[in-house]
Amino acid sequence: MEEIERRMEGLRQTSLVILPESVLRAIAAKIQVEQVQANRRLVLEDTVPSALYILRTGRLEAYRTSPDSLAKASSLLPGSVLQLKELLLDQPAQQTVINLEDCEIWTVPRPAFLDLVRQYPEINQAVSRYLAAELDAMAAQLAFEQERQVALRPYLVPRVKQGIVGSSRYATRLRQAIKKAALDRQPVLIFGEPGLGKDNIAALIHFGSDCRKQPLVKVNCDTLQASGAELFGRVGGKLGLLDWLGNGSLMLNNVQDLPKPLEQKLLRLLETGRYEPVDREGAPAPHLRTSQARILLTSERVIPEIESCKKLGTHLIKVPPVRVAKADIAAQVTYYISLFCRSRGLPQPQVAPEALRRLQGYDFPGNLAELESLVTRAIVQANGAPVLTEEVFWSVSTKAKRFRLNLLNAYPKLRQFLRSPWWPTRINYGLTLWLFPLIVAIGLFGPQTRDQSLVLNLFWAWWWPVMLLLFPFLGRIWCSVCPFMIYGELTQTLSLKLWPRQLRPWPRQQAERWGGWFLFGLFSLILLWEELWDLENTAYLSSCLLLLITAGAVIFSLLFERRFWCRYLCPIGGMNGLFAKLSFLELRAQQGICAATCTTYQCYKGGPEKGEGQETEGCPVYSHPAQLQDNRDCVLCMTCLKACPHRSVELNLRPFGIELWTSHTASASEVALLLLLFGAVFLHHLPDLNQQLGLNLPLSQVGIHFGGAVLALLIPALITLGADRLLRWSNACKRSFVELAYGYLPLVLGASLAHYLQLGLTEAGQILPVTLATFGYGPGWSSSLPVVVAHPAVINFLQGSTLVVSLLLSVILTQKIARQPLRSLLPQHLALLGLTVWLWKLIV
Ligand code: SF4
Ligand code: SF4
Ligand code: SF4
């Protein structure tokens, strides 16, 4: 009797408790007690159940032998009732059951149990009710699961992309750190440079942990709403990701970009596991909710607040950049090759040893992402070749990258300066903005002759020679501190504040087609105006010229976005862009990094602060530094350098004018401008020309002066076109006139410089007395001031050397552009020589 009571007590601790007492008593009477040793199979799936089992002590495991059996394995604890459903529904056993340790099992043999079922219909009824309730619960659970799946789907990380490749100590340490972090559920901060696959490491931790069957979701912090509703949900409204996640893992990618208002909320979540759903402003603080989710953070740098959570158990994992773990590059290359080839069913090529050495010698600033894109690009380019050679790896970048020295890496202080507000904002708005109107006013209202006007001295004796000298070294640098555009930008900003509106987008197609011709026309008019009205000796007209260009910048800045005038229409900008092609300096971005790691393109588009990238409005001339092929399209404002969060922008030292024979696209309007600038040198010597040619034209008559000026401007065009006719006639040259004409560019620059050297070396050094004279202090005041004037022989020597060096550079450049034997380009070289001799006679 006592034994029956004990068994009834045991039955009440099982799911059979729902049965009436009389039925429990009847079952208790039929129970046989068995002691079963560990590792015995109690039930075999798909066989007829031989008894009803009730586990009293010990532990069982139930599973189904199928490909996904592991996922179905479950542990059965004391109180579990086995085979009840199968016996009632007359089904075979659904699962195999083994005992993991010694167990006490109560058994009711099948015939005895079926007798009881016949005798007590309550058993069937109770179990049916139980099953119906279970079904309801399952349906509710299923609905919740479906809703959960929908909510989590956009963020789900389905699997690990790749493992940690390599056997260096860095790779080994990283693997150990991942393994360690997978053992518990503490938060993890994974930090390192862009392109290292930190999100993949977070996935490795999640899928290596016991919670691998739970979902892993990834949220990019720069896309999170500042309210935090997406993460934390709303009071009485939509659930947040943390509510849906349960025991899953939440990966916050690039946590350095987390909106500021969420920082404290995240810290509380990390420290306490609790979070506050978002409520209406002014409402009482909502109840905190508890999250079971594991938090995985990735960042491009250490976050001190999170690092301080280390004492709470946060794992900190530093991912080493590729450049410090070069020993792994070979393994990584092989891995990426096999990954790419397997996914496309291609045969796997080998990597040539010299190509591998070259890869190992490169620093990969874009890290693994850059390496992977380099490898896949090489496979595509190799076009099925069995060996990947050095050329296929580097062909894309070789031409653009050869012989470059990134000054920003070599001189970190230069980088610091160019990223600071000093360049060029403070220079422009602290100095140029105020000096420019002063200079224009002096020109308009002060003395008008060159010996008394500071404006004429600054413009003709200083600005021109200095600018021409700077072009080979600093390219279009003037355009970053140019006063014309400062006023353009200022007017644009103020007008948008006073009159908010959408500025017009650029009519790019028309601008590309006609912009060059527009500025050519404007430059021609300016040159004729300069010659006919003697601008060099008339201060107010020189000021008018400055005002005219400023007016262009202002008008087009009021109409169009950014600096449309500078990109397409400014005559000075056109000249600057043309000569900047010859520069030793270039601004470019590393295409590998941009392609592999960048999603924001804020160098081009602008945007808020991101990582080390500052808040900017984007490139003012709509150039993308990674796509730049031509110095003409960059005004060296350094906006992109400030904006780039990935250190992709470079300021390179490069061979003189290298773009002209590597990445250059010729343009007819630009060649017209080149020939016009060449003609301007002849124009500046019109009286000498008149004499030299024995024409003796009466230049005092406006019409004849005008005709003579136009003819002077046309001289280089006529000679170069004549030389080109000879080239075509001999059929020796494969390049068109427009392409080959850029060979004259060094001579144009040199001739212009030689011309302005005369003014620079005789008048620039007189700036102090001229300044005093401008303000009305006569020779008595200025006689004691220092004056520097070069000896005529020195001037002649410098002018002559400039012409000779320019001639040589022009010949070399022509050869480089044409890539043909010297003999086949003889007409052009003779034209160069003839023009140089003529200019020598005129200038020196
Ligand atoms: S393009 Fe013309 S207006 Fe623009 S910055 Fe250069 S010189 Fe100034
Ligand atoms: S240069 Fe521009 S595109 Fe390239 S990484 Fe920087 S911001 Fe991105
Ligand atoms: S490419 Fe960079 S430096 Fe050049 S104009 Fe654009 S933002 Fe300025």
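How many of the seven residues of strand β8 (residues 103-109) are buried? Six of the seven are buried, and β8 is thus described as mostly covered; buried means under 20% relative accessible area, exposed over 50%, and partly exposed in between, with a 1.4 Å probe and protein chains only. The model is predicted: local features need pLDDT of at least 70, side-chain atom pairs count only at pLDDT 80 or more, and totals for chains, interfaces and linings use all residues. Residues are numbered from 1 along each chain as its sequence is written, chains are lettered from A and ligands numbered from 1 in the order in which they are written, and side-chain values use heavy atoms, with hydrogens and water left out.

**Overall form**

- The protein chain holds 37 helices and 20 strands; helices (H or I, at least four residues) and strands (E, at least two) are DSSP runs, numbered from the N terminus.
- The radius of gyration of the protein chain is 41 Å, whereas a compact globule of 844 residues would have one near 28 Å. This radius is taken over C-alpha atoms, and the globule rule is 2.2 Å times the number of residues to the power 0.38.
- Along the principal axes, the C-alpha atoms of the protein chain fill a box of roughly 145 × 65 × 45 Å.
- Of the 844 residues of the protein chain, 51% count as buried.

**Strand β8 and its partners**

- Strand β1 (residues 32-36) pairs with β8 in the antiparallel sense over five bridges; two strands pair if DSSP finds at least two bridges between them.
- Within β8, I105 is the residue opposite E34.
- Strand β3 (residues 51-57) also pairs with β8 in the antiparallel sense, over six bridges, and Y53 stands opposite T107 in β8.

- Strand β11 (residues 249-253) is mostly covered, with five of its five residues buried.
- In a regular strand the side chains alternate between the two faces of the sheet.
- In β11, S249, M251 and N253 point one way, L250 and L252 point the other way, and all are buried.
- Strand β10 (residues 216-220) runs parallel to β11 and is joined to it by five bridges; N220 stands opposite N253 in β11.
- Strand β14 (residues 294-299) runs parallel to β11 as well, with four bridges between them. R294 in β14 is the bridge partner of S249.

**The sheet with β18, β19 and β20**

- Three strands form an open sheet in the order β18-β20-β19, with antiparallel pairing.
- The edge strands are β18 (405-406) and β19 (585-589); each has a single partner strand, so one side of each is left without a neighbour in the sheet.
- Five bridges join β19 to β20, and L587 stands opposite L651 in β20.
- V649 lies in strand β20 (residues 649-653) and is buried, with a relative accessible area of 3%.
- V649 and G488 are 161 residues apart in sequence and 26 Å apart in space, C-alpha to C-alpha.

**Helix α33**

- Helix α33 (residues 745-763) has 19 residues, which at 1.5 Å a residue should span 27 Å; its end C-alpha atoms are 27 Å apart, in agreement. The expected span is 1.5 Å times one less than the number of residues.
- A kink of about 35° in α33 is centred on Y756; the bend at a residue is the angle between axes fitted to the seven residues ending there and the seven starting there.
- Since 17 of its 19 residues are buried, α33 is largely enclosed by the rest of the structure.

**Surroundings of the ligands**

- Ligand 1 has around it R476, W478 and C479, among others; a residue counts as near a molecule or strand if one of its heavy atoms lies within 4 Å of it.
- The elements giving two or more residues to the shell around ligand 1 are α21 (483-498), α24 (564-569) and α25 (571-580).
- The shell around ligand 1 divides into nine nonpolar residues, one polar and two charged. Ala, Val, Leu, Ile, Met, Phe, Trp, Tyr, Cys and Pro count as nonpolar, Asp, Glu, Lys and Arg as charged, and the others, Gly among them, as polar.
- The residues around ligand 2 include C594, C598, C603, H624 and V649, and its shell has eight nonpolar, four polar and no charged residues.
- Ligand 3 is surrounded by residues including L587, C619, C634, C637 and C640; its shell has 11 nonpolar residues, one polar and no charged.
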